[in-house]
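The following exercises ask the reader to work through a protein model with the sequence and coordinates at hand. Each task is followed by a worked solution.

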Amino acid sequence: MAGGRVDDTDRELLALLRDNARTPVVALAKKLRVARATVQNRIARLERDGVIVGYTVRLRPEAEAHRIRAMMSVAISGNHTQEVVRALRGHPNVAALYSTNGRWDLLAEVRADNLASFDAVLNAIRAIPHIEHTETSLLLSAYKL
């Protein structure tokens, strides 16, 4: 972070914005028990300092075109992580990609329209050079959106 520190009020504000970034500033100020101008100034500072880097839209999983979603854990041979990341970044069915520690090198959120295409996607990803092992878990229910 380029600028100042994040204090407890900032953390509370960020939690409220994560829950609903469209909450009016007046409502945020009331929940935080501070003035409206304080909330506006804090949001502006958090954006300026690079703590808040953007806002987005979250969709219900069933509203998305790709109805089958899964997390795929990926083990990579040798020092080829960047090559595999480049291949997965370009794959249209990989919605998100995370590096991790432990047994797995990467986690990929994989999406497909139906089971047949999901099977094809898994096979295509497994065929990427330097991917040693994968383990895939279907996402069944979402409890927090």
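Predicted model: local features only at pLDDT ≥ 70, side-chain atom pairs only at ≥ 80, totals over all residues.

**Exercise 1. Identify the buried residues of α2, and state what covers them.**

Solution. 
- Step 1: L28, A29 and L32 are the buried residues of α2.
- Step 2: Viewed down the axis of α2, these buried residues fall within an arc of 100°, so they line one face of the helix.
- Step 3: V26 and K30 are exposed, on the face of α2 turned away from its buried side.
- Step 4: The cover over the buried residues of α2 includes α1 (8-19) and α3.

**Exercise 2. Carry out the analysis for α4: which residues are buried, and which elements cover them?**

Solution. 
- Step 1: Helix α4 spans residues 81-89, and its buried residues are V84, V85 and L88.
- Step 2: Seen down the axis of α4, the buried residues fall within an arc of 100°, so they line one face of the helix.
- Step 3: Q82 and R86 are exposed on the other side of α4.
- Step 4: Among the elements that cover the buried residues of α4 are the strands β1 (68-76), β2 (94-99), β3 (106-112) and β4 (131-138). Helix α5 (115-126) also belongs to this cover.

**Exercise 3. Locate H130 and G102, and classify each as buried, partly exposed or exposed.**

Solution. 
- Step 1: H130 lies in the loop between α5 and β4. Its phi is near 80°, a positive value in a residue other than glycine.
- Step 2: Buried means under 20% relative accessible area and exposed means over 50%, with partly exposed in between. H130, at 27% relative accessibility, therefore counts as partly exposed.
- Step 3: G102 is found in the loop between β2 and β3. At 64% relative accessibility, G102 counts as exposed.
- Step 4: G102 and A75 are 27 residues apart along the chain, and their C-alpha atoms are separated by 9.9 Å.

**Exercise 4. Describe the overall fold, dimensions and surface of the protein.**

Solution. 
- Step 1: The protein has five helices and four strands. From the N terminus on, the order is α-α-α-β-α-β-β-α-β.
- Step 2: The radius of gyration is 20 Å, whereas a compact globule of 145 residues would have one near 15 Å. Along the principal axes, the C-alpha atoms fill a box of roughly 55 × 35 × 25 Å.
- Step 3: Of the 145 residues, 32% are buried. Among contacts with a separation of 6 or more, 65% are accounted for by residues 24 or more positions apart.
- Step 4: The accessible surface comes to about 9,800 Å², and 50% of it belongs to carbon and sulfur atoms.
- Step 5: There are 21 positive and 16 negative side chains, and the centres of the two sets lie 8 Å apart.

Methods
Residues numbered from 1 in each chain as written. Heavy atoms only, no water. Helix = DSSP H or I, 4+ residues; strand = E, 2+ residues; numbered from the N terminus. Rg over C-alpha atoms; globule rule 2.2 N^0.38 Å. Buried < 20%, exposed > 50% of the residue type's maximum accessible area, 1.4 Å probe, protein only. Contact = heavy atoms within 4.5 Å. Areas by Shrake-Rupley, 256 points an atom, 1.4 Å probe, with all protein chains shown as cover. Lys, Arg positive; Asp, Glu negative; His and termini not counted. Charge placed at Lys NZ, Arg CZ, Asp CG, Glu CD. Arc of directions from axis to C-beta.
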